[in-house]
Amino acid sequence: MRSVGKVITNEIDASELSFDAFKAIVIDDYRIAVESRQASLLGRKEVLTGKAKFGIFGDGKEVPQLAMAKVFKKGDWRAGYYRDQTFAFATGISTIKEFFAQLYANPDVDADPASAGRQMNCHFATRSLNDDGTWRDLTEVKNSSADISTTGGQMARLVGLAYASKLYKQNRELDYLKNFSVNGNEVAFGTIGNASTSEGVFFEAFNAAGVLQIPMAISVWDDGFGISVPAKYQTTKESISEILKGFQREEGTNGYEIFKVRGWDYPALCETYLKAIEICRNEHVPVLIHVTEVTQPQGHSTSGSHERYKSKERLTWEKEHDCIVKMREWMIESAIATKEELDELEETAKKYVREVQKEAWNEFLDVIKQEQADVVRMISNMANSNAGLGKIAAQLASTHDALRKEVVSAARKAIRQSVNSPSADRDVLIKWYESKTEAYSELYNSKLFTDGVESPFNATQVAPVYNEQTKMLDGREILNACFDANFERDARLVAFGEDLGAIGDVNQGFAGLQAKYGEIRINDTGIREATIVGQGIGLAMRGLRPIAEIQYLDYLLYAITVLSDDLATLSYRTKGGQKAPLIIRSRGHRLEGIWHSGSPMGMILGSLRGMHICVPRNMTQAAGMYNTLFRADEPALVIECLNGYRLKEKLPSNVGEFTVPLGKAEIIKEGKDITVVSYGSTLRLVEEAAEELENFGITIEVIDVQTLLPFDLDQLCAQSLQKTSKLLVVDEDVPGGASAFILQQILEVQKGYYLLDSKPQTLTAKAHRPPYGSDGDYFSKPSVDDMVEAAYNMMNETNPDRFPKLY
């Protein structure tokens, strides 16, 4: 048996090869295909016997993926989906042993470098980062961006991965970034199933790449079905290449080169990929390779059988047109190998994959078996005459191939059942469990953020500087000066979005900057929020520092799947192996109308864990947050106050240097009666309400949380409650939105519950979006009157004599 390791396919150039050399390459390719098929077959068995929870495999796609692998070079990138295992094996992105380690959810990052057991099988990723979060040399490896399960979701990021090559090729200021590109020669390879091309994000990304003219190569594996639903219900004309013919470039026009090839024709596949990727790489033209007549021998996944929905005729056709069967036939007919030679190769491959699987399974269990033995021993020592504890120990000892869940659950159950029987042996078990808690947290819960040397929490804190010459400017001018200073300082910065380039965004934050820094760094996009975000993710994964603008916070809904499924989970699902320091810039809160004044903060907080959520109260604070984020390497959403662009603020003389730390709340008005917590635009109204409340002898302490994620790391809110003992949260979101999160943080995390002498209150918007007009705003979002009366009523509750009822 050959040693476990990476086996990489070789490019075929018949003009330079002898027949024997050509024969060796083809035979080696066939072996990779057969090993991959055996991994699929054995992987399914491992799921059905209970060793793994779920399986989804790339059987039927082996031969076209071999052809694609031949043109995939160092520095290139993949944004694919869960059918690409043969490609991963053939490029060295993964090994068969790593494939099985991921199937078993091995949390050891050395065993499963792609995800450390955090993703189901066939979700591939290469490790772009060192342990301290710094970048590796990505030009010396074949790169795979971390897969996600959402069908079509990989397409948004693919745009950015390809667009980065264009920027590296055209912007000579980036030449110093040697670890990320070699003159922009890298191709971004995307793969997708034919049914998933029905997703809106596919069409959005396809159109965006055609507009941008970037080296993006999309392969569509077409097996005629989307799980059980045939192509006639998926795609007009039942052919994605047919309906996309209008994108085919013609003389004098931009567009795509579109290719169509059968998935079982090995020579044609090699020729097609060689031609397509040469155009894509050399001319920076996007290409589509529609791979038809693909089969899926085991059906969609381990959750069902394809015999339920495929006809007997279709199943017979699939057996006859299986790509490995057809490649074998071609090899014999072409005298590349004999039947006997291929029989022996197949038998050897089967044995090899089985041995690798056993090795991966044993390595997964070894650590757990030791923990199992330790816990059985410790509980047995505790048992004495306690039959219940003896039963727990015996049951755990008899559990064959126990998982960590069963080991730890037994330990915790024993601790609970012995709560009234303290002993030294019980203390040993408790100490063991407590010592493991941190280790298990590292295995299963760590790296929501990169937490590397460039963490925003390591950024130097610099205060804003004002002097006698300090000017009062519109808020938009403060932001403009901040962006100008940073684009001058850092050539990696790029910005893009709807109306951002020529007019400098709808609120003029980028006014004049495109003329100064060029379209290559500051540019407009089409109306395509999902791929605006995806464009940013891909650029950030390739070492650039993008600012992706979503024009209004309400429109974040159009990109929320990309943000939530991809960007927010990237660090976690790779256990710190990849990062995308993308800044999403948007604006929201108080204005007028359903579509331009939203504050869907509860939605954002619930779906974007893994991103920093910044909610500055004015443009100076926003500038300070941008300055922090520009010097850090973690993704963030910055929500500027929509009604603050023309309000006057002082311009710091160090506008591009001063920083506002993340997670630091600020007391913007001191008081002794009630702690009022809020953020963003609402704070100006809270301050106005505070003035009227003082006429009643009520002083409120106003706290600006500044960032919702992270939230008040110094627990300033709890410190304020020690003085006031009363809490009012004012929020523009719907009832139970961000206010619920803020209450949970203050009452539970900061233990503010114990500091209250009356129930905490929330003052929120109504349970609908705000209607149009000033009256609509007044009656749907917290007004100054609402705030005054809410605070007054809290004082009435505790001191009705001094503060009689208003109504």
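How many salt bridges does the structure hold? The structure holds 49 salt bridges. A salt bridge is counted where a side-chain nitrogen of Lys or Arg lies within 4 Å of a carboxyl oxygen of Asp or Glu. The model is predicted, so local features need pLDDT of at least 70 and side-chain atom pairs count only at pLDDT 80 or more, while totals for chains, interfaces and linings use all residues. Residues are numbered from 1 along each chain as its sequence is written, and side-chain values use heavy atoms, with hydrogens and water left out.

Side chains of opposite charge can pair when their charged atoms come close. One of the salt bridges joins the side chains of D29 and K70, at 2.5 Å from N to O. D29 lies in helix α1 and K70 in helix α2 (residues 62-70), so the pair ties together parts that are 41 residues apart in sequence. Helices (H or I, at least four residues) and strands (E, at least two) are DSSP runs, numbered from the N terminus. D29 counts as buried, at 1% relative accessibility. K70 is buried too, with a relative accessible area of 6%. Here buried means under 20% relative accessible area, exposed means over 50%, and partly exposed lies in between (1.4 Å probe, protein chains only).

E371 forms a salt bridge with R404. The closest N and O atoms of this pair are 3.0 Å apart. E371 lies in helix α11 and R404 in helix α13, so the pair ties together parts that are 33 residues apart in sequence. Both E371 and R404 are buried.

A salt bridge also links the side chains of K579 and D633, at 2.7 Å from N to O. These two residues sit in loops. K579 lies in the loop between α19 (570-573) and β13, and D633 in the loop between α21 (619-630) and β15 (636-641), so the pair ties together parts that are 54 residues apart in sequence. K579 is buried, with a relative accessible area of 2%. D633 is buried, with a relative accessible area of 2%. Salt bridges that share partners also join D505, E549, R585, R587 and E640 into one network.

The strands come next. Of the 5 residues of strand β10 (residues 493-497), 5 are buried, so β10 is largely enclosed by the rest of the structure. In a regular strand the side chains alternate between the two faces of the sheet. Both faces of β10 are covered. L493, A495 and G497 are buried on one side, and V494 and F496 on the other.

β10 pairs in the parallel sense with strand β12 (residues 545-549), over 5 bridges. Two strands pair if DSSP finds at least two bridges between them. The bridge partner of F496 in β12 is A548. A495 stands opposite I547 in β12. β10 also pairs in the parallel sense with strand β11 (residues 522-524), over 3 bridges. There, G497 stands opposite D524.

β12 is mostly covered, with 5 of its 5 residues buried. R545, I547 and E549 are buried on one side of β12, and P546 and A548 on the other. β12 and strand β13 (residues 583-588) pair in the parallel sense over 3 bridges. In β13, I583 stands opposite I547.

Charge also gathers on the surface. Lys and Arg count as positive and Asp and Glu as negative, while His and the chain ends are not counted. A patch is made of residues with over 30% relative accessible area and no salt bridge; like charges are joined within 9 Å, and nonpolar side chains (Val, Leu, Ile, Met, Phe, Trp, Tyr) within 5 Å. E687, E688, E691, E692, D785 and D786 gather in a negative patch. The elements that give two or more residues to this patch are α22 (682-694) and α26 (784-798). The largest share, 4 residues, comes from α22. D786 lies in helix α26. D786 is partly exposed, with a relative accessible area of 30%.

K45, K350, R354 and K358 gather in a positive patch. Helix α11 (residues 339-383) gives the most to this patch, with 3 residues. K45 is found in helix α1 (residues 19-48). K45 is exposed, with a relative accessible area of 54%.

Some backbone features lie in loops. A cis peptide bond joins L709 and P710, with omega about 0°. P710 lies in the loop between β20 (707-709) and α23 (716-724). H284 has a positive phi of about 55° although it is not a glycine. H284 is found in the loop between α8 (266-283) and β8 (287-292), and counts as buried at 8% relative accessibility.

Key. Areas by Shrake-Rupley, 256 points an atom, 1.4 Å probe, with all protein chains shown as cover. Charge placed at Lys NZ, Arg CZ, Asp CG, Glu CD.
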